[in-house]
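Dear colleague,

Please find the structure below for your records. My notes on what was found in it follow directly after.

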Amino acid sequence: MKRINPNQLSIFDIVFEKPNEPIVSPPVIEPIHNRKDQVNDRTMCSYPVPTVDEIINLIDRSSYTVGKSKLISDVFACGALAISNAVDLTQFEEREEQYKQIMHGYKPKERELIAEVFSKIFALLTSVTYDNGKFDDYLGDLFMRCNQGNKNVGQFFTPYYISHFMAKSNITADDLLSKDVITISDPCSGGGGLLMAALDILKNDYNVNYAAHCLMQAGDIDVRCVHMTYLQLALAGVPAIVCHQNTLTNERWSVWKTPAFIFQYHRFYKYDIRIPKEKTA
């Protein structure tokens, strides 16, 4: 590995060079969307990458004792709480208690199911960080295909190919010139699909090291969407702040900071968001 510059400040300024020796390929597996007669092209990913189909099948097979909607929501919540508690010590006690309350509502076998589902989600979402990792709105896809959207309030997530087109149309080279930190905001993020599409364009069209030079801010009124967006950005290695909020009224209930944001706080501290303490009489 090498340092990008002699004034390196964090681990995100390190570039890992590929060795000259050929890398032993992992076992042949099928790609993300259509595995038939195809092989995995992630040259650095050492494990089979699950698909959204596999995760849905696992939930369908195993959730007969637990409501599917509650199970999916709790998997997202527990995953987000676990990642947050690993890095954000300022909120550890409150979030640890939330985690315990959720898990106490399940029997041991059901807790194992939650862990198994999240392990597959973890493997899928982190796969984007490997060579040729494919960006997508994986959790948004899972959410809608499990019929979790609220049609009564018009909650329908944008298909990823449209999000990708929108990002490609709006991000240009001029937007990136002379910017040490590229800021991108989505105040109604859903599962984070538009933000993942923006990362796709930054990395694959403009070769931007988004882990060092991008800061994302997101929010949603649905806490499930907050957890989904947080998981997708956190596991992609994005410095980001995700808020559970009502964007129209400026009410804010919780703030979620990704590991990449906290590890590089010296670089992004001016973008920090806090919930103001309630005024006392």
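Where is the place of Glu110? Glu110 sits in helix α4 (residues 108-126); helices (H or I, at least four residues) and strands (E, at least two) are DSSP runs, numbered from the N terminus.

Before going further, please note that this is a predicted model, in which local features need pLDDT of at least 70 and side-chain atom pairs count only at pLDDT 80 or more, while totals for chains, interfaces and linings use all residues. Residues are numbered from 1 along each chain as its sequence is written, and side-chain values use heavy atoms, with hydrogens and water left out.

**The chain as a whole**

The protein chain has 12 helices and six strands. Of its 281 residues, 48% count as buried, where buried means under 20% relative accessible area, exposed over 50%, and partly exposed in between (1.4 Å probe, protein chains only).

**Glu110**

Glu110 is buried yet has no salt bridge; a salt bridge is a side-chain nitrogen of Lys or Arg within 4 Å of a carboxyl oxygen of Asp or Glu. The nearest side chain of opposite charge, Lys107, is 5.2 Å away (Lys and Arg count as positive and Asp and Glu as negative; His and the chain ends are not counted). The side chain of Glu110 does, however, reach the backbone nitrogen of Lys107 at 2.9 Å. Leaving aside neighbours within four places in sequence, Glu110 is in contact with Thr65 and Val66, contact meaning heavy atoms within 4.5 Å.

**The nonpolar cores**

In soluble globular proteins, nonpolar side chains tend to be buried together. A nonpolar core is a set of buried Ala, Val, Leu, Ile, Met, Phe, Trp, Tyr and Cys residues joined through side-chain atoms within 4.5 Å. The largest one here has 65 residues, and those with the most contacts inside it are Phe76, Ile121, Met216 and Leu233. Helix α2 (residues 68-87) supplies the largest share of this core, nine residues. Another core, of nine residues, lies apart from it and includes Leu215, Ile241, Phe268 and Ile273.

Helix α5 (residues 138-145) has as its buried residues Tyr138, Leu139, Gly140, Leu142 and Phe143. These pack against α1 (52-62), α2, α4 and α10 (223-235).

**Salt bridges**

How many salt bridges does a search of the whole structure find? The search finds nine. In one of them, the side chains of Lys70 and Asp74 meet at 2.8 Å, N to O. Because they are four residues apart in helix α2, Lys70 and Asp74 are separated by about one helical turn. Lys70 is partly exposed, with a relative accessible area of 46%, whereas Asp74 counts as buried at 11%.

Asp141 and Arg145 form another salt bridge (3.5 Å, N to O), and both lie in helix α5, four residues apart. Lys168 also forms a salt bridge with Asp205, the closest N and O atoms being 2.5 Å apart. Lys168 lies in helix α6 (residues 160-170) and Asp205 in the loop between α8 and α9, so the pair ties together parts that are 37 residues apart in sequence.

Most residues other than glycine have a negative phi. Asn207, in the loop between α8 (193-204) and α9 (210-213), has a positive phi of about 55°. Asn250, in the loop between β5 (240-246) and β6 (251-257), has a positive phi of about 65°.

Yours sincerely

Terms used
Polar contact = N/O pair within 3.5 Å; in protein donor to acceptor, adjacent residues only side chain to side chain.
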